[in-house]
There are 4 protein chains.
Amino acid sequence: MDSRFRGVIPPVATALTADGKLDKESYARSINRMIDAGVHGLFVLGSSGEVAFSADERRREIIEAAVEIIDHRVPLMIGCIDTETNRVIEHARQAKELGADAIVATAPFYALGGQAEIERHFRLIHEAVDLPLFAYDIPVCVHTKLAGDMLVRLGLDGVLAGVKDSSNDDVSFRFLVDANEEAGHPLVLLTGQEVVVDGAYMAGADGSVPGLANVEASGYVRMWDAYQAGDWETVRKEQDVLAHLMRIVLVPEGVQGFGKGVGGFKTAMALLGVFDTNQMPDPVLPLKGENVKRVAQILREVGLNPVVSEEVVSESAQIRSL
Amino acid sequence: MDSRFRGVIPPVATALTADGKLDKESYARSINRMIDAGVHGLFVLGSSGEVAFSADERRREIIEAAVEIIDHRVPLMIGCIDTETNRVIEHARQAKELGADAIVATAPFYALGGQAEIERHFRLIHEAVDLPLFAYDIPVCVHTKLAGDMLVRLGLDGVLAGVKDSSNDDVSFRFLVDANEEAGHPLVLLTGQEVVVDGAYMAGADGSVPGLANVEASGYVRMWDAYQAGDWETVRKEQDVLAHLMRIVLVPEGVQGFGKGVGGFKTAMALLGVFDTNQMPDPVLPLKGENVKRVAQILREVGLNPVVSEEVVSESAQIRSL
Amino acid sequence: MDSRFRGVIPPVATALTADGKLDKESYARSINRMIDAGVHGLFVLGSSGEVAFSADERRREIIEAAVEIIDHRVPLMIGCIDTETNRVIEHARQAKELGADAIVATAPFYALGGQAEIERHFRLIHEAVDLPLFAYDIPVCVHTKLAGDMLVRLGLDGVLAGVKDSSNDDVSFRFLVDANEEAGHPLVLLTGQEVVVDGAYMAGADGSVPGLANVEASGYVRMWDAYQAGDWETVRKEQDVLAHLMRIVLVPEGVQGFGKGVGGFKTAMALLGVFDTNQMPDPVLPLKGENVKRVAQILREVGLNPVVSEEVVSESAQIRSL
Amino acid sequence: MDSRFRGVIPPVATALTADGKLDKESYARSINRMIDAGVHGLFVLGSSGEVAFSADERRREIIEAAVEIIDHRVPLMIGCIDTETNRVIEHARQAKELGADAIVATAPFYALGGQAEIERHFRLIHEAVDLPLFAYDIPVCVHTKLAGDMLVRLGLDGVLAGVKDSSNDDVSFRFLVDANEEAGHPLVLLTGQEVVVDGAYMAGADGSVPGLANVEASGYVRMWDAYQAGDWETVRKEQDVLAHLMRIVLVPEGVQGFGKGVGGFKTAMALLGVFDTNQMPDPVLPLKGENVKRVAQILREVGLNPVVSEEVVSESAQIRSL
């Protein structure tokens, strides 16, 4: 197992200016804040890092900024997510050239096939780009679940370094941990959940990739430290607070999916003064009005008091007429 | 909260003779074995108790046998599961008359509606039958997920005594626990999982309803006791063994769904001498041949050695020609 | 092929009094109206006939009423729909005893398996009850699609007399027609659609089972007659009007599924004076207020003018407080 | 309605050499064959045209080849399919620059939202690129169904020129046709089906986009001509043959999804001498052995006799070792 990729490795949210450009200053503020909180790595261009909303040039810009800001303080994983093998390989080559420590790829999507093609997909990526490769299991986005026996086989064959599990299927994750253990632990197993990280640690996860750490990383770091120390009551208490905080992605009304989830994160970050705006990528609109107030209320309930007013955040993203 | 329904409350598998009748002797052996292991209650006519395969007369027979065998040693919950309100009420009245301590109902199924109709469904059942009512959240069978806010509201209104969560959605379960706590804990929250019970306890579950306890109840009781004592390392170790044992529902080949899951349980029980046969209800066929050997192998891996040979179990259910 | 079951065979909606009892007078009015319009058969206790909301005693009552009213004027198909084989067989025996000309069964539901178990399910029903057996393919309710090759095999083996296809999958229906033809047309193939019956006739369907015929049967009869005469332009024109009329199940707001679909039918029937109320079975509530007006508006758009006012219909079902 | 885009507009399959490059010679042979058969337009870089397997450079290459080969003989629609608005706009600008007559875009995918965001997506594309824009409704790939009322509204607003419906939901298509008619027919409505085109024409479709036309375009042209002449019996007969031919995508065994569907098309085209190989894009493997024989058998059943042997086709794609 490649032990560089253990611990808390947040998927980094992407900061945008009001007119939709990359906001490097806010981006640096957020990354530095997470590193200062003690995270063990960072994952750029994941689903919550709006990889699916980033054309090639934007992807390059984001990676370059991340590499420069992080400056080797923690390992950097780069999401190379696209519909098919060759496009993923193009992204992976760019990621390597720009300084990635590991790459992360999903199953192919849009045109579906079977597990045999997914296995071949990972083998072709690994053959083409010499970097630790993580499989990203995220059926809600790609509509295929990665089979556990395939993942372990690819781990034993040296194709995969690990798995980022965002399948919201804790039963299959438990079986994967059991099978990985039986095989000698070839894979680093990271959970992509926010509110059941404690259960994943109980199961034996090697780390977590919680989007909510963009809002509050220190709780996740304390949970990890407690896990390493065997202090399960602290693990549990930290998780309870973070589970309540996660309501920021439930309370927005009249909006669904990415706009609700990442929209809740970015709004909280703007309220906390981390991001200058809560701008979202086209065609998604930022939260405003009552929805910003609902997010602020949850922050207060867990003692994270906003330093920017709801009104200012609500107007921080100058929305185009369309 | 009604504290009678805390702890380990297995859903009781139904013993059948080779010709498909209720096998009361095997049924008593299994129930007594679980009570001896220390379970805190029993749930009869759940999904794994083949409620969906039991016509009215069979349901009555099963309840009568369970009431007689249990003889008030532990509380008895009865599944009153059917497509619509009035049929559920008929089952609930019978359950009460025969001696149930609580009843368990799902959302209506076959003809779907919205959450408003599900809420009215539970209110009408509660109005008709004066027994503690548990909502059974099992979207894999009824294809609707029960909304957390509705459940807490029905708890506060005294309609629901608790929830049996078999939704395999640990994230929503965590949010439900959080909302239930905030409301003053009106609902008893039971997880229906087998391999992530430790995570549910971390989240604050009041108990578990693991089908696997038909095969091995003592591990679940030890896990509960450790949870109550705050001994999380023991919780974790017990869960690890039980997670591995649960492979008995993964290893059968060429069979899906109920025939694989409950088929794996019954086959293990026959190998352990608890049930005389591994017979399944029509139209499902029992496991045989290599599949019985696969189950036996898993039992051995966790130190539960079969006392009946694979060949005998494989032939224990005289299969009709059709 | 059993030619008694060709043509237009509406699934009969069940008339309820305000207090939820079977309204035999309204039921007779509706059945007689459809027979007078020239339908070729009737299907009682289908999905829109609220089979899933009918406990055993209600099922008997409905069948007895239907048998008496129809009095052999057209063939009578009875839905014997339940979660598993033995309960279906019980219903089928009752249906036969009470006078059914054919029985209709779905795949088992709630506890799912594979196609092998579904095939055995149909074989066991056929073995137990000597009546023409139709397979009802309705994945939206039972969450399994019946495989075309299995259906044709069961047709060739004399197990199935036909298929009622409500799968909303016209592509698979076309392939089924093709395979049935190649096998010598053992199966009567009926489409359960309302708005694409013309396409099913083009494909070679032997008839239709349109719920909308409860509202307007004569259009479906004219479409059938035109199909038999090869007058496709008339088929098309009739379908266009009926497709527009079907909007009665789209326009109700704030209600989903069965309450919207069958709720729209019953409301239209009450507006047309066929049913005395638009009452729905528990836990579903009847349409009222603006939703009744929306349904009335669609009726007027196709020249079916309400004879009962929207206000009277809106109050026709005395709703219980709960 | 823009009448340039009526009739039969096949989605063009992409010809690959054994080593995975664009095979321009085979591509020209196929396009010329379809134009000679009388098709009314061509759709390049659709789902079956492997848009999801084509990185940017490959997309450019395909469009350039298509523009040159077609040489304005029929209108050319280009699929601009990607996860999000800005990437779609980039593709659309390139398509316009290279000579597209119309562009085709799906809803955003991977990161899902609601209908409001999808509507904004289409408005932003239309604002950015001045070409007729078709909405591509393909939930099997993007996992969102386009709402009919939104489509008609975008038609009335001049944002959309039409819809390519590959939703396999003939009921919603019928409702869409009805709503479009009521609105004055702003949208060109094309069905993406192969085996129920007759039903779509009955409903009033303005044309079809059948992938199977790559194998046999002349039947689809005859069906269209018969439709225009009101000769429904001919429509029906042509569809029957084409429905049987479509079995080429059902008969391959041990392969799923794209590899089975487009794999079946390409294999038939290789057997007919249209394509030099049946090569598939990574990570999909081409059909071989028995699967090639199964496809050849179906071709023979409808009188399309292979001119290349099964053995030669089976070896036509030199498969890489991985």
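Where in chain B is the place of H72(B)? In this predicted model, H72(B) lies in the loop of chain B that runs between α2 (56-70) and β3 (76-79). The residue is not a glycine, yet its phi is positive, at about 65°. H72(B) has a relative accessible area of 69%, and because the cut-off for exposed is over 50%, the residue is classed as exposed.

A positive phi, near 60°, is also found at H185(B), again a residue other than glycine. H185(B) belongs to the loop between α7 (170-182) and β7 (188-191) of chain B. Is H185(B) buried or exposed? With a relative accessible area of 17%, H185(B) is buried, since the limit for that class is under 20%.

Cis peptide bonds were identified in chains A and C. In chain A, the bond from D282(A) to P283(A) is cis, and its omega is near 0°. P283(A) sits in the loop that links α11 (258-271) to α12 (290-301) of chain A. In chain C, D282(C) and P283(C) are joined by a cis peptide bond with omega of about 5°. The loop holding P283(C) lies between α11 (258-271) and α12 (290-301) of chain C.

Chain A is assigned domain 1 (3-231) and domain 2 (257-316). Taken over C-alpha atoms, the centres of these two domains of chain A are separated by 24 Å. Domain 1 of chain A contributes 22 residues to the contact, and domain 2 of chain A contributes 21 residues. The two domains of chain A bury about 1,600 Å² between them, with 69% of this area on carbon and sulfur atoms. On the domain 1 side of chain A, the most area is lost to domain 2 by L16(A), F53(A) and V215(A), which together make up 33% of what that side buries.

Polar interactions also occur between the domains of chain A. Domain 1 and domain 2 of chain A have 7 residue pairs in polar contact, and 2 salt bridges are found across their interface. D276(A) and R29(A) form a salt bridge in which the closest N and O atoms are 2.8 Å apart.

Definitions and conventions. Residues numbered from 1 in each chain as written. Chains lettered and ligands numbered in written order. Predicted model: local features only at pLDDT ≥ 70, side-chain atom pairs only at ≥ 80, totals over all residues. Heavy atoms only, no water. Helix = DSSP H or I, 4+ residues; strand = E, 2+ residues; numbered from the N terminus. Buried < 20%, exposed > 50% of the residue type's maximum accessible area, 1.4 Å probe, protein only. Domains from an automatic or database assignment. Contact = heavy atoms within 4.5 Å. Buried area = accessible area lost by both parts, 1.4 Å probe. Salt bridge = Lys/Arg side-chain N within 4 Å of Asp/Glu carboxyl O. Polar contact = N/O pair within 3.5 Å; in protein donor to acceptor, adjacent residues only side chain to side chain.
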